[in-house]
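Dear colleague,

Here is the structure I promised to pass on to you, with my notes below it.

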Amino acid sequence: MDIVLMIIYATILLGFLVFIHEGGHYLAARAFGVRVTEFMLGLPGPSVGFTRGGTRFGVTAVPLGGYAKVCGMEAGEMSPHLEQALAALYRRGTANMEDIARDCGISDDDAYEALEELVEWGSIKGPTKKDQYNTYRAVEVRPTKKQVKAAEAAMQAVPPSYALGEARPVADAPALFESEYRQQYRALPFWKRSVILVAGVFVNLLFAVLLFVLMFSVIGYEAQSPNTGIFYHAVMSPLQSVQAGFSYIGQVVLMVASLFNPATAADTVSNSTSIIGIAVMSKSAVDMGLMGVLQFTAMISVSLGIMNLLPIPPLDGGRFVVEVFQKISRRVVSTKALNYVSAAGMLLFLGFFLVMANQDIQRFVFGNW
């Protein structure tokens, strides 16, 4: 029963913290006008939910963590046929890859590349499992309440509605493409892209600091008088709690930085823990009561945020390094290069996980640590 509780507590804790992390990316992207097609609680897969403002919110079949699908984050140069392909598909409403290739006078491969990129942009819908061929569809369009009110106030016609896959006129292909491009991550200046990348980390750290304030300024804590040895209930000022939160964040930053020092890396890894250790400690935290849960949640939130700043793709810090490299070199990192670096980063993390998992098994299962 204890093992089941450990799994449940760790799943809830990590799921929630990853979810608010992705929430940071979502809020920053929407603040800058970038389209986010999905914001889900859980791993990618079958889901239930609703669509609002162009974003589908919901819960997937595996409700662990979460993700925000920010459009236009694909690596590499844009396809030169996006404008043609977008206009051709909108005019048809529903079309196969070969249809778009003929309409645009390009090869099937070029049409496929352009259409798949437009799917990533959220500008069109990609093939479904029921489609026999590579069939693409123009997205559903419904005017918002704000658009309807604005049209009525100006005594103008309400923008037309179109069903998924319904043909629609395209009078100005460049303007249509430009309106779609402006809603993409890659259309933003460097500083806005950077804000979106670090927004998840910011939310994790902010949440941890708020927990410090809740613990030490609202709930209070038990302290012991150095003179009499008597325990008493103490409360910090909000400023002191915030300072305590930032002090702890600084300690975690120093610990993570020590991973890059050959003299301290081995010791840091030996003092770290994997998901196994988090599961064990999460149950211990719950057994300690509310303060134990809040303190442990704050610790994991800080660790999750700082670890995501590591300059290793596919982490946020790794993506930020790619953005800096592109800004300085004025060169676009290719999809192939980013995939290679991301694969190397995943192998590195797999190595760390195996080492720390072995430590946790020795420590918590066999008691040899």
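I begin with Ser123, which touches Arg35, Leu86, Tyr90, Leu118, Val139, Glu180 and Gln184, leaving aside residues up to four places away in sequence; a contact here means heavy atoms within 4.5 Å. Ser123 lies in the loop between H4 and strand E6 (124–125), where helices (H or I, at least four residues) and strands (E, at least two) are DSSP runs numbered from the N terminus. At 0% relative accessibility, Ser123 counts as buried, the term being used for under 20% relative accessible area, with exposed for over 50% and partly exposed for values in between (1.4 Å probe, protein chains only).

Before going further, please note that this is a predicted model, in which local features need pLDDT of at least 70 and side-chain atom pairs count only at pLDDT 80 or more, while totals for chains, interfaces and linings use all residues. Residues are numbered from 1 along each chain as its sequence is written, and side-chain values use heavy atoms, with hydrogens and water left out.

As for the protein as a whole, there are 13 helices and nine strands, and the C-alpha atoms fill a box of roughly 85 × 50 × 45 Å, taken along the principal axes. Of the 369 residues, 41% are buried. Among contacts between residues at least 6 apart in sequence, 63% join residues that are at least 24 apart.

In the largest nonpolar core, which has 27 residues, the members that touch the most others are Leu89, Tyr90, Ile100, Leu115, Leu118, Ile124 and Tyr136. A nonpolar core is a set of buried Ala, Val, Leu, Ile, Met, Phe, Trp, Tyr and Cys residues joined through side-chain atoms within 4.5 Å. Two or more residues of this core come from each of helix H2 (82–92), helix H3 (97–104), helix H4 (108–121), strand E7 (135–138) and helix H6 (173–181), and H2 gives the most, with seven residues. Apart from it lies another core, of 18 residues, among them Phe212, Phe216, Val302 and Ile306.

The packing of H2 on H3 may interest you as well. These two helices pack at an angle of about 115 degrees, with their axes 9 Å apart; the axes are lines fitted to C-alpha atoms over the stretch in contact, and the angles run from 0 to 180 degrees between N-to-C directions. On the H2 side Gln84, Ala85, Ala88, Leu89 and Arg92 meet Asp99, Ile100, Asp103 and Cys104 in H3. The residues of this contact divide into five nonpolar, one polar and three charged, where Ala, Val, Leu, Ile, Met, Phe, Trp, Tyr, Cys and Pro count as nonpolar, Asp, Glu, Lys and Arg as charged, and the others, Gly among them, as polar.

Thr60, found in strand E3 (residues 55–60), is buried at 5% relative accessibility, and a polar atom of its side chain lies 2.8 Å from the backbone oxygen of Leu43. A polar contact is a pair of N or O atoms within 3.5 Å; within protein, one must be able to donate a hydrogen and the other to accept it, and residues adjacent in sequence count only if both atoms are side-chain atoms. Thr60 touches Met40, Leu41, Gly42, Leu43, Gly45, Pro46, Ser47 and Tyr67, again not counting residues up to four places away in sequence. Ser194, in helix H7 (residues 190–219), is buried with a relative accessible area of 9%, and its side chain reaches the backbone oxygen of Phe190 at 2.9 Å.

Met40 is also touched by Phe19, whose contacts, not counting residues up to four places away in sequence, are Phe39, Met40, Leu41, Gly65 and Gly66. Phe19 is in helix H1 (residues 2–31) and counts as partly exposed at 25% relative accessibility.

Lastly, Arg330 has a positive phi of about 60 degrees although it is not a glycine. Most residues other than glycine have a negative phi. Arg330 sits in the loop between helix H12 (316–329) and helix H13 (335–365), and is exposed at 79% relative accessibility.

With best wishes
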